[in-house]
Amino acid sequence: MENIIRIAVQKSGRLSDDSLGLIKECGVKFYNGKGKLKAVSHNFPIEFLFLRDDDIPGYVADGVADIGIVGENELAEKESNVTVLKKLGFSKCRLSLAIPKGVDYPGLSFFEGKNIATSYPKILQNYLTKNGVNAEIHEISGSVEIAPSIGLAEGICDIVSSGSTLMMNGLQEVEKIFKSEAVLIGNPNLKDWQTEIVEKLLFRINAVQEGKSNKYVLLNAPNESLDKIIGLIPGMRSPTILPLAQSGWSSVHSVLNEDQFWENIEELRAAGAEGILVVPIEKMIV
Ligand code: ATP
Ligand code: MG
């Protein structure tokens, strides 16, 4: 059989679309019909396993899958023996402690001797131990936010992104205990040929990520301000300067981090730049 690696991705949920989207942006083609549990790419040596996210760290640790995409929260909770290969920058969220709105919160000591409901008992226990708080942890697998209103617990520890779910359930966030984003993980004992394929995929992921965080910028500038403008948008090696049909003017092309572009926009305009275009980059290899 041809040598292929296996990647475990979430079947359906908050990681799925971005995980598969990233892999597609890497030029890896595959067909994932609804309800399929496996798929093989026809242009890259990779097979997909579609799983619940809870199972991904374990499958990768056991070598059932060679690599996988999972949230750092799930990874920390499972304490599986895997290697984090790359932070992926999506599915960003945090684990927080929350208590009912209107209840006075004097600090972490609030939780001393109290019940806390969570789906992340290990992360929570580590946090409480580190902070010298003794509390009773109730592990529940879902709908954690309703625990206080049904009298199961005085507080919860759950995933928060915007905070709107907490709000809807009459809760206030009182401590942020863990920050998470999606990561690419790998089995720590990959064979050389497997590592080679993983490296190829990582190369493409890096190119996609670099492309996303950078923009191709084009602008027109009077020749006398070129030095100033080149200093503001230095680019990868240096900007491209092309003469405009109108004498005394040039077109300047450069690549730069989007944040850096916005930071320098006023200075660019003050230096005489005009007709500024900011264009997305699909892939970027530095
Ligand atoms: P599964 O059925 O696969 O077990 P799940 O219900 O456990 O799915 P999801 O709600 O799909 O999990 O969330 C998957 C991961 O996405 C979480 O572990 C977390 O890392 C991240 N996540 C969860 N909620 C959010 C959110 N609101 N915003 C961003 N990321 C989130
Ligand atoms: Mg899950």
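Into which domains is the protein chain divided?

**View 1. Domain layout of the predicted model.** This is a predicted model. Its protein chain splits into domain 1 (5–90 + 182–190), domain 2 (93–180) and domain 3 (213–280). Domain 1 is written in two segments, 5–90 and 182–190. Taken over C-alpha atoms, the centres of domain 1 and domain 2 are separated by 28 Å.

**View 2. Contact between domain 1 and domain 2.** With the centres of domain 1 and domain 2 28 Å apart, the contact takes 6 residues from domain 1 and 7 residues from domain 2. On the side of domain 1 that touches domain 2, helix α3 (residues 72–78) gives the largest share, 4 residues. By class, that side of domain 1 has 1 nonpolar, 2 polar and 3 charged residues.

**View 3. The shell around ligand 1.** Which residues come nearest to ligand 1? Of the 16 residues around ligand 1, they are G13, R14, G71, C93 and S161. The shell holds 3 nonpolar, 7 polar and 6 charged residues. Domain 1 (5–90 + 182–190) and domain 2 (93–180) each supply at least three residues to this shell.

**View 4. The sheet of 6 strands.** This open sheet runs in the order β2-β3-β1-β4-β11-β5, and its pairing is mixed. β2 (38–40) and β5 (83–87) are the edge strands; each has a single partner strand, so one side of each is left without a neighbour in the sheet. From one strand to the next, the twist averages 25°. K38 has its bridge partner in β3, namely L49. Helix α1 (residues 16–25) packs on the sheet. Helix α1 touches β1 (5–10), β4 (67–71) and β11 (182–186), and its direction makes about 145° with that of β1.

View 5

View 6. Strand β6 (residues 93–100) and strand β9 (residues 155–160) run antiparallel, and 5 bridges join them. One bridge links S96 to its partner D158 in β9.

View 7. An unreviewed UniProt entry lists "domain: ATP phosphoribosyltransferase catalytic" for residues 52–206. Over residues 52–206 the chain is 28% helix and 30% strand. The end C-alpha atoms of this stretch are 26 Å apart. What does the UniProt annotation covering residues 213–283 say? The unreviewed entry gives "domain: Histidine biosynthesis HisG C-terminal". Residues 213–283 are 30% helix and 41% strand, with the end C-alpha atoms 10 Å apart.

Definitions and conventions:
Residues numbered from 1 in each chain as written. Chains lettered and ligands numbered in written order. Predicted model: local features only at pLDDT ≥ 70, side-chain atom pairs only at ≥ 80, totals over all residues. Near = placed C-beta within 6 Å. Nonpolar A, V, L, I, M, F, W, Y, C, P; charged D, E, K, R; others polar. Domains from an automatic or database assignment. UniProt positions renumbered as here; feature names shortened; annotations may be inferred. Helix = DSSP H or I, 4+ residues; strand = E, 2+ residues; numbered from the N terminus. Pairing = 2+ DSSP bridges. Axes fitted to C-alpha atoms, helices over the stretch in contact; angles between N-to-C directions. Contact = placed C-beta atoms within 7 Å.
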